[in-house]
Amino acid sequence: MTEQPDIIETTRRPDRESTVSAAGTELAVFEWGDRGAEPLVLVHGVTDTHQVWAEVATLLADGFRVITYDLRGHGRSANSAAMRDYRLERLAADFYAVVDAVSPRRPVHVCGHGWGAVQAWEAVCDPRANNRVASFTAISGPNLDHVGMLLRDIASPSRQLHRLAADPSWLLRGAGSAPAAAQRIAYPPRVRSWLIERLGGVPRAYAPIAATWRADLVAGSRIVRANLLHHLLRPRQRQTAVPVQMVVDTTDVFVPPFLYDSSAPWVDRLWRCAIPADHWLPVTEPLLVAEAIANFVEDLHAADATIHRR
């Protein structure tokens with residue numbers, strides 16, 4: 001019987017590592033590819049680290065300067081105990097701190113997965129995005145404010161939120177809102193691996209777990225608790241002119257596809273790519289993710305060239 005290969009061992013290690021200061025904390029930053037290539041920032045979700053992007057980054061390093069970073073409280077980035085430090089606006093400020101440090105003069109392309117996409121939505125709906133973000137690909141993560149507006153329009157928010165709260169997939173996706181000590185007992189690495197294997201169809205060897213998983217779990221829980229109900233109950237009108245590609249994994253057990261419809265009225269240039277895949281696309285289908293990002297950027301360049309020739 002052939003053993004499953006370990007995805008971490010098959011990828012190229014980052015070419016460069018650095019630290020960026022952001023709003024009272026230090027963020028660990030990792031880069032693949034030529035410094036002069038077009039910059040692409042990959043943002044991971046809660047309870048993960050930059051390692052979840054290792055295979056995608058390796059695939060894209062020949063054509064992009066790929067930049068990832070550990071979210072505050074995750075991986076090798078510094079921790080913060082205050083709940084307010086995990087609000088979306090603070091996480092967006094972290095994103096721009098990284099962008100300003102690694103690519104101060106050139107707009108970046110962005111791709112976020114899960115809660116990484118949720119916070120990237122916050123960043124691209126910020127006025128700074130007009131000059132700093134060239135495109136955004138969202139995978140398995142809708143805009144919470146857009147979803148809140150949708151739920152408010154289609155039904156009583158309290159009934160909708162009660163239904164979402166009763167769905168355990170939302171709790172599992174965000175590591176829940178139970179106290180940190182209980183989470184560490186109920187959600188150890190073997191449980192996370194089992195969930196990825198059973199719900200996502202991923203062999204355990206392909207579920208990268210960082211040595212910092214305990215701190216990642218606590219910080220991820222703070223992000224969820226600080227933002228989920230806050231934005232669903234009190235949504236803001238959030239619009240963006242940044243070209244957005246939504247990769248909708250139609251068999252995702254965590255994010256119902258209809259939630260992505262909420263962003264259409266608020267995005268000037270929107271592409272939607274529906275695929276029959278699971279929630280952990282960067283791990284299960286890295287080639288598909290890399291192709292989706294690269295093709296989107298190429299299409300935007302072609303469209304811009306056509307406009308300039310007119």
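Q: Helices (H or I, at least four residues) and strands (E, at least two) are DSSP runs numbered from the N terminus; in which strand is the place of Thr68?
A: This is a predicted model in which local features need pLDDT of at least 70, side-chain atom pairs count only at pLDDT 80 or more, and totals for chains, interfaces and linings use all residues. Residues are numbered from 1 along each chain as its sequence is written, and side-chain values use heavy atoms, with hydrogens and water left out. Residues 64-69 form the strand that holds Thr68, and that is strand 4.

Q: Does Thr68 count as buried or exposed?
A: Thr68 touches Ala28, Val29, Phe30, Trp32, Leu42, His50 and Trp53 (heavy atoms within 4.5 Å), leaving aside residues up to four places away in sequence. The classes are buried under 20% relative accessible area, exposed over 50% and partly exposed in between, with a 1.4 Å probe and protein chains only. The relative accessibility of Thr68 is 0%, so Thr68 counts as buried.

Q: What are the relative accessibilities of Thr47 and Ser140?
A: Neither residue is a glycine, yet Thr47 has a positive phi of about 70 degrees and Ser140 has one near 60 degrees. Thr47 is in the loop between strand 3 (38-43) and helix 1 (54-60), while Ser140 lies in the loop between strand 6 (133-139) and helix 5 (144-154). Both count as buried: Thr47 is at 14% and Ser140 is at 0%.

Q: At what angle are the ring planes of Phe95 and Tyr96?
A: Rings of Phe, Tyr and Trp (its six-membered ring) pair if their centres lie within 6.5 Å; planes under 30 degrees apart are stacked, over 60 edge-to-face, and the rest tilted. The whole structure holds 3 aromatic pairs by this search. Tyr96 counts as buried at 2% relative accessibility. The ring centres of Phe95 and Tyr96 are 5.1 Å apart, and the pair is edge-to-face because the planes are at 80 degrees.

Q: How many residues apart are Trp271 and Phe296?
A: The ring centres of Trp271 and Phe296 are 5.2 Å apart and the planes are at 70 degrees, so this pair is edge-to-face. Trp271 counts as partly exposed at 36% relative accessibility, whereas Phe296 is buried with a relative accessible area of 4%. The pair links distant parts of the chain, with Trp271 in strand 8 (residues 270-275) and Phe296 in helix 12 (residues 286-309), and the residue separation is 25.

Q: How many of the 21 residues of helix 10 are buried?
A: Helix 10 covers residues 213-233. This helix is largely enclosed by the rest of the structure, because the number of its 21 residues that are buried is 15.

Definitions and conventions
The expected span of a helix is 1.5 Å times one less than its number of residues.
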